[in-house]
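Dear colleague,

Please find below the structure that I am handing over to you. My findings on the ligand, the pockets and the cavity follow it.

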Amino acid sequence: MNHYQKLLTDVSAGKKKFAVLIDPDKYTMAYLEEVVRLSMDAGVDYFFLGGSLLIKDSMDLFISYIKDTSAIPLLLFPGNNIQLNNQADGILLLSLISGRNPDMLIGRHVISAPYLKASKLEIIPTGYMLIESGRTTAVTYMSNTLPIPSHKTDIASCTALAGEMLGMKLIYMDAGSGAENPVPAPMIRKVKDSIALPLIIGGGITTPDLARKAFDAGADVVVVGNAIENDPGLIARIAETRPFGQNK
Ligand code: 1GP
């Protein structure tokens with residue numbers, strides 16, 4: 001069973017998933033080792049790896065370390081096409097459906113397609129939606145798109161529905177890394193009710209309470225990056241917010 005099929009099976013059984021986002025620029029090797037160890041102890045479901053802009057050249061080294069050390073699936077979450085790497089398990093192939101920038105909807109995918117075709121990566125087409133979060137995030141600036149206003153739940157639900165109709169396999173609503181405010185619960189609820197696809201929620205989730213609220217509203221996968229960079233102890237505490245403490 002591939003990772004996507006396993007996710008579908010688990011979601012239909014009501015299981016919730018926790019993904020730790022690793023931005024290679026923000027980590028030293030020693031810190032990566034600690035985060036990987038704590039993630040294995042806590043039964044983290046996925047590592048996502050990527051960033052809006054990578055300045056350091058540590059991605060290959062980090063992927064090798066994670067793959068040698070842990071069985072947690074490692075999915076690329078690429079900010080651009082130089083963040084592709086064949087050693088990962090899969091890739092969230094993001095189409096930025098909340099925006100109207102053709103390069104982020106299809107252009108970069110055309111450039112990446114031959115590499116991806118030749119790779120062994122599991123490709124997971126993902127409708128990626130940026131949600132306004134209180135301040136301009138790196139991803140909003142770098143993607144040159146407008147996020148969906150946080151109170152416009154109808155726009156969000158219609159966008160997700162269109163993504164599903166276009167054949168996306170996941171919907172990822174992101175307030176952006178380090179967002180002041182996470183995606184609001186009413187918007188999560190409305191989008192979840194509109195689609196049959198697994199729903200990923202990330203951006204600005206900094207506490208177990210915020211993770212729990214996202215799960216309760218309908219998130220199937222919660223992603224945390226920034227907060228873990230400051231407090232690795234959060235990994236275990238957020239992992240416990242999944243109902244029944246599964247996957248441990
Ligand atoms: C960003 O959804 C991720 O793309 C995670 O955001 O770094 O704010 O946790 P944070």
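In this predicted model, a backbone N or O atom of Gly178 lies 2.7 Å from an oxygen atom of the ligand. For Gly203, the distance from a backbone N or O atom to an oxygen atom of the ligand is 3.1 Å, and a polar backbone atom of Gly204 is 2.8 Å from an oxygen atom of the ligand. The ligand has 310 Å² of accessible area on its own, and the protein covers 96% of this area.

The shell around the ligand consists of 13 residues. Gly178 is among the closest of them, together with Asp174, Ser177, Gly225 and Asn226. By residue class, the shell holds eight polar residues, four nonpolar residues and one charged residue.

Where does the ligand sit? The space it takes is the largest pocket.

The volume of the largest pocket is about 800 Å³. Its lining comprises 46 residues, of which Gly51, Ser52, Phe77, Gly79 and Val139 are the closest to the centre of the pocket. In the lining of the largest pocket, 21 residues are nonpolar, 18 are polar and seven are charged.

The second largest pocket holds about 180 Å³ of space. Eleven residues line this pocket, and those closest to its centre are Lys6, Lys17, Val44, Asp45 and Pro73. Which element gives the most to the lining of the second largest pocket? Helix H1 (residues 3–12) does, with three residues. The lining of the second largest pocket divides into four nonpolar, three polar and four charged residues.

The residues that line the largest cavity are His3, Tyr4, Leu7, Tyr46, Phe48, Leu75, Leu92, Ile124, Leu170, Ile200 and Val221. Helix H1 gives the most to this lining as well, with three residues. Both H1 and strand S2 (46–49) supply at least two residues of the lining of the largest cavity. How do the residues of this lining divide into nonpolar, polar and charged, and what is the count for each class? Ten are nonpolar, one is polar and none is charged.

- the ligand in the largest pocket, with the backbone of Gly178 at 2.7 Å from a ligand oxygen atom;
- helix H1, which gives three residues to the lining of the second largest pocket and three to the lining of the largest cavity.

With kind regards

Terms used:
Residues are numbered from 1 along each chain as its sequence is written. This is a predicted model: local features need pLDDT of at least 70, side-chain atom pairs count only at pLDDT 80 or more; totals for chains, interfaces and linings use all residues. Side-chain values use heavy atoms; hydrogens and water are left out. A residue is near a molecule or strand if one of its heavy atoms lies within 4 Å of it. A polar contact is a pair of N or O atoms within 3.5 Å; within protein, one must be able to donate a hydrogen and the other to accept it, and residues adjacent in sequence count only if both atoms are side-chain atoms. Accessible areas come from the Shrake-Rupley method with a 1.4 Å probe; for residues, only the protein chains shown count as cover. On a 1 Å grid over the protein atoms alone, a cavity is a set of points where a 1.4 Å probe fits but cannot get out, and a pocket is an open set with protein on both sides within 12 Å along at least five of seven lines; lining residues have an atom within 4 Å of a point. A molecule sits in a cavity or pocket if more than half of its atoms lie within 2 Å of its grid points. Ala, Val, Leu, Ile, Met, Phe, Trp, Tyr, Cys and Pro count as nonpolar, Asp, Glu, Lys and Arg as charged, and the others, Gly among them, as polar. Grid points are joined across faces, edges and corners, and a volume is the space filled by probe spheres set on the points. Helices (H or I, at least four residues) and strands (E, at least two) are DSSP runs, numbered from the N terminus.
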